Every structure is written in structure tokens, then in C-alpha cells.
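Q: Can you walk me through this one? I'll ask as we go.

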Amino acid sequence: MSLAEILGAVFTPASMLWIMIGVLAGLLVGVIPGLTATVAIALLVPLTFDLEPLHSLLMLTGIFSGSMYSNSITSITLRTPGNPAGAVTILDGYPLALRGEAGRAVGLAAWASVVGGVLSVIALTFLAPPLASIALEFSPAEYFAVGLLGLTTVIAVSGRSVPRAIVATAFGLLVGTVGMDPLVTQSRFTFGQQELTTGIPFLPAVIGLFALAEVFRLAGERKLGSRAVATIGRVLPTRKDLKQTARPITLGSIIGILVGILPGGGGAMASFLAYGESKRYSKHPEEYGKGSIEGLTAADSANNGVTGGAMVPLLTLGIPGDAVTAVMLGALMVQGIQPGPRLFEGGGDLVYPLFLGMLVANILMFVVAMALAKPLASIAMVPYSILLPGIAMFSFVGSFAATGRVYDLWVALLFGFIGYLMNKFDYPIAAVALGLILGPIIESNLRRGLVMSGGDWSIFVTRPISLGLILVAAALLVFTIIQQRRRRANAEFLVE
């Protein structure tokens, strides 16, 4: 298919209309806590059944790109994560909003998202087959090693106390074991409660830890007549901001692409990894967690970098990379399209316009996001007396929306009280979220690896990729601890 034919297929009124509809739908659905990209696409898939295959895919990718970014808006303005990856955006986005820089945070998040999305599409276009072949080499041993690498991020979210971060992470790992055993039909830590057999749902738990915990904290301070934020501030990023965030955005985009390629990776793991690595190599790591634009943009670029990466295994191998692409796989099959290696041979008239459409969707997403940034960021200026009940309401709606179970409301409420106590005693909430994300990944792949090797633990160090990842994780952990001790020693010397 020639370049002129690809351009002609995408830049038609009908194609552009469906991309715009997808982007707007993703942005609007994404700002409602709990309604993730997966939910948005699942809700709107029936609208694509009567469309041409290309228009259907362009609309779905527009939803994908728009909703991945817009979930950051409530994380920044309300401390309410719209999706699991939003937990990382909160760490620096919300402190920026409290400083009166909500507009700046929303604008930079949009910029990071579009750069991550564009770079992921470029990677998808040129590197899809070789990257997919590498991902195909990953066994449970490699996924276990990736999980261990992710655990080194606990230092990045530790705040002032690494031991407290380790305790918080261990609590998250423990909570992640509740429910059915991943390999055998045996329930664990359910105490006879039927609802617990499905485990602790991640999104309600995260909404409780961050959003409801903040509601309880602010209500306890009795400042209900004041406003969360005094001003919105500038929305468009300045040249200085763009220069300062260039490296974390590039790093986050690369991590997002690579994690997206791995089935089961997802935006949450990518955001945590990118945040940790960005802090590790930052010249100002002490600013992370207090309103660092580097931390904010690293997380958001990784979150959107996943979009193109997740499409690699879907299109080249027919394997969905995450929950969103699993829904998209269903939409493709309804259209009579079978993803896989032959799609590139006989379906070039669909694949390459899709790549260009994803690129256009990301650019349109930035334009629309900038146009709507100020009114969306102004949510943070609402007085607490109105805002806190609103946050609580949206938190419960978001917790209930995914499954429609009252059980999820109780989970959100319980973790809200846990998060409130953790805030009060200075334990990092993000470390719990990290444990919840990585616990099932580490446990299931550890046990699958041992089953595959007949109980031989050497499988984790005899496979080159697994060994390399474990060594990298160990080296990063040692390096970060030494670096942190040096900074503490320098700070004590300056005080003296």
C-alpha cells in the first residue's frame, strides 16, 4: 500500500470524524473515576458493528488514547485515580494542584501523554515484528524477574522512610494473596466469605487508599469552607518545562512501550517503573512526591506509551497485551479480522492506515485536551464543602461501576480508612498499590516457573533474560540505597 493510499484512507471526512468521536468519548468517559479505557471501549464497541473495519478501529484507538490521558485529570485535581496507573499521577500531580498549578499539571500530563502515545505508534510501525518475537521468548521466569525489577521502585515511593515503605509494600503483597489460588482451585484468607474468593478488587482499593483517605483527612481538618486550590495557573507548558521534562518523558515512553509489549504488563506497572527510574536518575529526586513535573510526566508518558506497545502482540501474534486490547480483539473478530502475522501480509490496507490513525488520534487528543484543560482543572477550585461530598460520591460510583457489586463499595470504604491511618502515621500509600499490582504477577509466575522446571529454582538464573533482569534489579536496588545514604549524609553535614 503506497503512502498516498494510506494518507487518502485516513484523511477523509468520515475517518477523521470517527477518530474525533473516539477521542472525545475517551476523554469524557475517562474523567469519571472507575470508568477505565477498557470500560469505555466495551461500552462503545456495539456502535462499531455497522461501521467499515477501518473506521471501527480508528474510533476504538481514539477512545484508547483519549481515556488513557483523561484519567489523569481527576488524579491531579481531586486525588481520585481514574484507573490504576492514576495512583502514580497522584504522587506529584495533586501536590502541584495544591500549589495552585493545576493547569500546569494538566497541561504537562497532556503533553507527556501525547509524546508517549506518538513514540509508541512509531515503535509499533517500525519495530512490531522484532519486538513481538522478543516478547514471545518470555516465560514465567522472565515475568517473575520483571516483577522483582518493579519492586525496586519501592525505594522511589518510600518518602523519608525505606523501612515503612517496605512494610507498606509487604501489606500490599499480602492483600494480593486474598482469594483463589492462581494455580489450583483453593481459596486463601477468605474466612468463609464468598465475596473474598474473587480477591480484593484493585480499583476500589486504590480509590479508597487515595481518594476516600483524602476526604477523611480534609474533613478531619475542618477546613470545609476553604477551597482545594486557589488558582489554576497557566495550562500550556513553558519552554523551560518542556526542556526539564524531556528526559523523563523519553524514559517513560520507552518503558511504557516495552512494558506494553509484555502481555499482562499494563499502564500501572509501566507508570510505577518509569516513576522509579526517573527519580533514580533525576538531579532533584528530593522533589518527587512534592510536586515534581519530572515525576508527573514520566508516569503519564509511560501510561500512554503502553497504548502502542500493547498493540504489538495483538496485531502481530493475535495475543492481547492487556484488558483493553482483549476487548479490541473481540471487536476485530466481529469485523472478520484475524490478527496475526498474516495480517501484515494480506491486510496492509488496514494495518498501515490504522498506525497513521493512531498517530492522528494522539495529536487530536492533545489539541482537545488543551482546549478543555482549564475548565476541567477548575474542578479543583470548588470549595471543600461541595468538593468532598462530590469526591466521595464519584469514588463510590467508580468503585461500583466496574462490577456492580456492593462488595466493592465496602472495599473502597475499608481501604479509605486504611489510607487515612497510613497518611496519619506517615506510611507511603503508593507502596501498598505497588504491592497490589506486583504481588499476583510475582507469585503466579514464580510458581509457574517452578512447575515448569519440576521444582528447580535454577530456572530463574539459567535463562539469560531472566538472569539479566534479576541482576539489573539487584544493581538498581544497591545503587539507590547507596545514593540515598549519601544524600542523607550530605544533608546532615549541611545542617551541622
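Predicted model: local features only at pLDDT ≥ 70, side-chain atom pairs only at ≥ 80, totals over all residues.

Q: Is leucine 119 buried or exposed, or partly exposed?
A: Leucine 119 is partly exposed. Its relative accessible area is 32%.

Q: Which residues make a nonpolar surface patch with Leu119?
A: Ile122, Phe126 and Leu127. With Leu119 they make a patch of about 380 Å².

Q: New topic: helix H5. What span should its 13 residues have?
A: H5 covers residues 86–98 and should span 18 Å, because each residue counts for 1.5 Å. The C-alpha atoms at its ends are 17 Å apart, which agrees.

Q: Where does H5 bend?
A: At aspartate 92, by about 35°. A proline follows within four residues: proline 95.

Q: How many of the residues of H5 are buried?
A: 12 of its 13, so H5 is mostly covered. Asp92 and Pro95 are among the buried ones. Gly86, Leu91 and Tyr94 are also on that list.

Q: What comes after H5?
A: Glycine 100 follows H5. Its phi is positive, near 85°.

Q: Let's switch to rings. How many aromatic pairs does the structure hold?
A: Six. One of them joins phenylalanine 144 and phenylalanine 460. Their centres are 4.8 Å apart, and the planes are at 55°, a tilted pair.

Q: Where in the chain are phenylalanine 144 and phenylalanine 460?
A: In distant parts of the chain, 316 residues apart. Phenylalanine 144 belongs to helix H7, residues 140–151. Phenylalanine 460 belongs to helix H20, residues 459–462.

Q: Why does phenylalanine 460 count as buried?
A: Because its relative accessibility is 4%, and buried means under 20%. Phenylalanine 144 is buried too, with a relative accessible area of 11%.

Q: What about the rings of tryptophan 457 and phenylalanine 460?
A: Their centres are 6.2 Å apart and their planes are at 55°, so this pair is tilted.

Q: Is tryptophan 457 buried or exposed?
A: Exposed. Tryptophan 457 has a relative accessible area of 54%, and the cut-off for exposed is over 50%.

Q: Which residues do the ring pairs link into a cluster?
A: Phe144, Trp457 and Phe460.

Notes. Residues numbered from 1 in each chain as written. Heavy atoms only, no water. Patch = residues over 30% accessible without salt bridge, like charges linked within 9 Å, V, L, I, M, F, W, Y side chains within 5 Å. Areas by Shrake-Rupley, 256 points an atom, 1.4 Å probe, with all protein chains shown as cover. Salt bridge = Lys/Arg side-chain N within 4 Å of Asp/Glu carboxyl O. Buried < 20%, exposed > 50% of the residue type's maximum accessible area, 1.4 Å probe, protein only. Helix = DSSP H or I, 4+ residues; strand = E, 2+ residues; numbered from the N terminus. Expected span 1.5 Å × (residues − 1). Bend = angle between axes of the 7 residues up to and from the residue. Phe/Tyr/Trp six-rings, centres within 6.5 Å; stacked < 30°, edge-to-face > 60°.
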